[in-house]
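I'm opening my notebook on this one and jotting down what I look up as I go.

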Amino acid sequence: MSSQPLVIGKFSLGMGDRFAHEAEAQLAACVAAKKLGVEIVPVWNKSNREHNIIGSEPTSTRAAADAAVKTLGWTAPYFLDADHIGLKTVERFVGVSDFFTIDVADFIAQPADPAAVKAFVDRHPELVGTITLAGIDRPFTTTSADVERTAAKFLLAVQEAGKVYRHIATVKGVGRFVPEISMDETDSPQTPPELLVILAAIADEGVPIQTIAPKFTGRFNKGVDYVGDLAQFEREFNDDLCVIAHAVKQYGLPANLKLSVHSGSDKFSIYPAIRRALAKHGAGVHVKTAGTTWLEEVIGLAEAGGAGLALAKEIYAEALSHMDELCQPYATVIDIDRSKLPAAAIVNGWTSEQFVGALRHDQKNPLYNANIRQLIHVGFKVAAKMGPRYLEQLKACRESCARNVTGNLFDRHIKPLFL
Ligand SMILES: [Zn+2]
């Protein structure tokens, strides 16, 4: 085993492969980028929740990723992300994963020990007053009460992240995995001044994070475009990059520490802002995608016509009739207007072109329907229940599924962000 610590490169793309059939098609998008001179590190991510819904184990993700890497002769680094894990769920990932998204959102705003909060404030007089950061025009002005309030809100979450990190490190060894801390699955976004306090606390806790996933301003709904104030997003994203660069120097965090954009697929309207910010600051980023690949599988089935199209229609009909159950785990990250969902009988009469047009994320196409897209996005349990019948159709429609998976990641994600 090499003694070099595992370090994730500047640009990385999280990719979800719900049914473990698309790793090669996904990796092909990174291969295409590499041919054009940009290395995008592939990171296969699958959360505990996804494994539970599908009934799969992390070992299947590892097998699929390793096979794809071998087939395509990928010699650059790649990772397997135990996505959104905590102490209760990390165990089955520890052996096979080398990237851990430590999710502590549930601990935000839970009361931290007042003595620990006071000790934090006392230890960090530099966080109080006027803080001028390179790259930010307006300095942050904070009082010690502000810092105390922020520390009280986030300290318990950071301490929890420390516990999870140390547990993984005990098993795998320090430097044998990439740690990320995520705080995105919560109600309110973290502001750049809050991010600074959070990073100081993470450094105190001794977690050498390489990526951090805050909740950004605006809506990051599953599989559809960003909804929010574009100018505010761009300003805060830039400020976050400056905060990270500052925290790396001030608190000795890993030099490659970068932002991780969760639910990052399909957020086409903010990609130009992200791209500008990365270029301006010379920063890296991790963009996490997941269900966008599953949607391309369904598009591939529909495009193939025949039995593939019939199965895609069946998935829609089933998802429609189990909408409440399917939406419940994702309630905070979808906005479905039920009045815009056509009846199953109508969709059953659709051609391939109509079905693909409704589902493919092309906002210029008048057939595009963001409500159908979000419903199918959360509807993968329907395909999981179909079991071998779904997987056999995936194999039968391999060409169109793979072509759509690769094209989506390369043309709609990698190109606008990185090329
Ligand atoms: Zn997330």
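Before anything else I need one cut-off: a residue is called buried when its relative accessible area is under 20%. I also remind myself that this is a predicted model.

**Entry 1**

I started with strand E4, residues 99–103. How many of its residues are buried? I got five of five, so by that cut-off the strand is mostly covered.

Next I checked which way the side chains point. Phe-99, Thr-101 and Asp-103 go one way from E4, while Phe-100 and Ile-102 go the other way. Both sets are buried. My reminder for later: in a regular strand, side chains alternate between the two faces of the sheet.

**Entry 2: its neighbours**

Which strands does E4 pair with? I found strand E3, residues 79–85, joined to E4 by three bridges and running parallel with it.

One pair I wrote down is Asp-103 with Ser-182 in E7.

**Entry 3: a histidine**

Then I jumped to His-377, which sits in helix H15, residues 370–378. Is His-377 buried or exposed? Its relative accessible area is 4%, so I put it down as buried.

I wanted to know what His-377 touches, leaving out residues up to four places away in sequence. My list reads Arg-18, Lys-222, Gly-223, Gly-291, Thr-292, Trp-294 and Leu-295.

**Entry 4: stepping back**

Now for the whole protein. I counted 18 helices and 10 strands in its secondary structure. The radius of gyration is 22 Å, close to the 22 Å that the globule rule gives for 419 residues, so I can call the protein as compact as a globular protein of that length. Along the principal axes, the C-alpha trace spans about 70 × 50 × 40 Å.

How much of the protein is buried? I noted 56% of the 419 residues. I looked at contacts too, taking those with a separation of 6 or more: 80% of them are between residues 24 or more positions apart.

**Entry 5: surface and charge**

The protein exposes about 16,600 Å², and carbon and sulfur atoms supply 55% of that. Last, I looked up the charges: there are 44 positive and 48 negative side chains. The centres of those two sets lie 3 Å apart.

Technical notes:
Residues numbered from 1 in each chain as written. Heavy atoms only, no water. Helix = DSSP H or I, 4+ residues; strand = E, 2+ residues; numbered from the N terminus. Rg over C-alpha atoms; globule rule 2.2 N^0.38 Å. Buried < 20%, exposed > 50% of the residue type's maximum accessible area, 1.4 Å probe, protein only. Contact = heavy atoms within 4.5 Å. Areas by Shrake-Rupley, 256 points an atom, 1.4 Å probe, with all protein chains shown as cover. Lys, Arg positive; Asp, Glu negative; His and termini not counted. Charge placed at Lys NZ, Arg CZ, Asp CG, Glu CD. Pairing = 2+ DSSP bridges.
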